[in-house]
Amino acid sequence: MARRLLQTVACAVALRPPHQGLRQPTRRPATLAQPTTTTVEVDLGDRSYPIYIGDGLLTEDAATASQYLQTHVKGSQVLIVTNEILDRLGYTQRTKAALEYGDSGLRVETLVLPDNEEQPSEATKTLENLGKITDYAIEKALDRKATFVALGGGVIGDMVGFAAACYVRGVDFIQIPTTLMAMVDSSVGGKTAVNSKSAKNMVGAFYQPVAVVADVGSLRTLPDRELASGVSEVIKYGLIRDAPFFEWLEDNIEKVLERDSEALIETVEASCRNKAEVVALDEKEGGVRATLNLGHTFGHAIETKAGYGTYLHGEAVGIGMHMAAKMSRDLGWISDELFERAVALVARAKVPIVLPLDSPLDVASFESIMAVDKKVADGLLRLILLKGDLGNCVFTGEYDRAVLKETLEHFCDPENRSN
Ligand SMILES: NC(=O)c1ccc[n+]([C@@H]2O[C@H](COP(=O)([O-])OP(=O)(O)OC[C@H]3O[C@@H](n4cnc5c(N)ncnc54)[C@H](O)[C@@H]3O)[C@@H](O)[C@H]2O)c1
Ligand SMILES: O=C(O)C(=O)C[C@@H](O)[C@H](O)[C@H](O)COP(=O)(O)O
Ligand SMILES: [Zn+2]
């Protein structure tokens, strides 16, 4: 089977300095003429993998796209899993053509999951749909050398990743993130899961992909609201560990929202570099990885209580980061100035920063949902809170419980909600 050899130009993520404000020179795989590609490597020993980032990697033509995909398929069977929105937009057909391009000899099956008004994306992230993926793989007689391809946003990525972890106890999978959220976060680091009715991502596995192909060209079809949700999540990297990136976002966030190609590539690269570094240090969240959860304890409660799909993940995380920042300020751990800067940037991402008046959230529901957060240990809720200068945070169970209660009361008070 002829496979084009893709020479990656990996950067040693764990050794690189944080964001420098200016983009690193782009590095291009030797065999490719166009488009330019930056590669961030996730350094996990023999499970290391590349994240290819560029504009047009998949959307340019099948020949170009084939070079990023075929090299990572070891057997002859591939299952692309996507949803009906992406399928209608032509992404399935394009990905299939790239995998079959030339004399690849690959047999490519496709499964299209629902995503519509009755079943919004987040509501499809269920064990039932996971079963549909594995049943389909059995029906098509896929074997242990098969490769699953997750083509979509974080919902498809998390669910297909989990299916790949379970199917015949583990097959390879490739992430093709098509939302900003998936490019900057969910496709990287191997957290795979489905939701339970009463808690987000409660059933899943740590299972790494063999490659991630992030083509910012695919963001041109993404609705504005979804783009904003991704931008909101990006801000956390600046707040928890990368002050220069936060400052770069303060200068460039509108360019990102306008989908300027360079700004998008910069955003995806800086985010992936941060995430890859953290994951390389602590793959299974024994400590530092938990910092990627800034705002999520509150955000997950908001998503769960309102019903999956009511809030987009980055919207709930935006409110959650506001809550975490206020609590940090009220504990005396950050300055008023830093608190205001953090909230102002989240607001500029064009996501809500407070709960709406008609939200069903109250203090009791926050508390009961947060009680089953994955960061609870021996009954103690540990939180990620900002502490010190911009770019510093702590993961701790040692904080004044009264300040947590006041934070919940403040955000649930109709006075502090929006219309
Ligand atoms: N595993 C992780 O580390 C991690 C990190 C962040 C988020 N997540 C999870 O990711 C999920 C959210 O991901 P998301 O924000 O990508 O949402 P999503 O997967 O629901 O996608 C958003 C919507 O955009 C559509 N869409 C996707 N790509 C498109 C494109 N290019 N053009 C037009 N429409 C497109 C989808 O069909 C969907 O309707 C949540 O479940 C969250 O918990 C996981
Ligand atoms: O990769 C991580 O680690 C994260 O926490 C990234 C989060 O943005 C993401 O939403 C993740 O799915 C949350 O994980 P969970 O363990 O809180 O479910
Ligand atoms: Zn998240």
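Predicted model: local features only at pLDDT ≥ 70, side-chain atom pairs only at ≥ 80, totals over all residues.

Reply: Residues are numbered from 1 along each chain as its sequence is written, and chains are lettered from A and ligands numbered from 1 in the order in which they are written.

Me: Why is strand E2 called largely enclosed by the rest of the structure?

Reply: A residue is buried if 20 or more other C-beta atoms, placed from the backbone, lie within 10 Å of its own, exposed if 12 or fewer do, and partly exposed in between. In strand E2 (residues 49-54), 6 of the 6 residues are buried, so the strand is largely enclosed by the rest of the structure. In a regular strand the side chains alternate between the two faces of the sheet. Tyr49, Ile51 and Ile53 are buried on one side of E2, and Pro50, Tyr52 and Gly54 are buried on the other, so that both faces are covered.

Me: What makes E1 and E2 a pair, and in which sense do they pair?

Reply: Strands are DSSP runs of E with at least two residues, helices are runs of H or I with at least four, and both are numbered from the N terminus. Two strands pair if DSSP finds at least two bridges between them. Strand E1 (residues 37-42) and E2 have 6 bridges in the antiparallel sense, with Val42 opposite Tyr49, and they form a hairpin with 6 residues between them, where Gly45 in the turn has a positive phi of about 60°. E2 also pairs with strand E9 (residues 211-215), in the parallel sense over 4 bridges, and Gly54 stands opposite Asp215 there.

Me: How do you know which residues surround ligand 2?

Reply: A residue counts as near a molecule or strand if its C-beta atom, placed from the backbone, lies within 6 Å of it. The residues around ligand 2 include Asp185, Lys191, Glu233, Arg289 and Lys374. Its shell has 1 nonpolar, 4 polar and 6 charged residues, where Ala, Val, Leu, Ile, Met, Phe, Trp, Tyr, Cys and Pro count as nonpolar, Asp, Glu, Lys and Arg as charged, and the others, Gly among them, as polar. The shell around ligand 1 divides into 9 nonpolar, 14 polar and 8 charged residues.

Me: What are the bounds of the two domains?

Reply: The bounds come from an automatic or database domain assignment, which gives domain 1 (13-221) and domain 2 (294-416).
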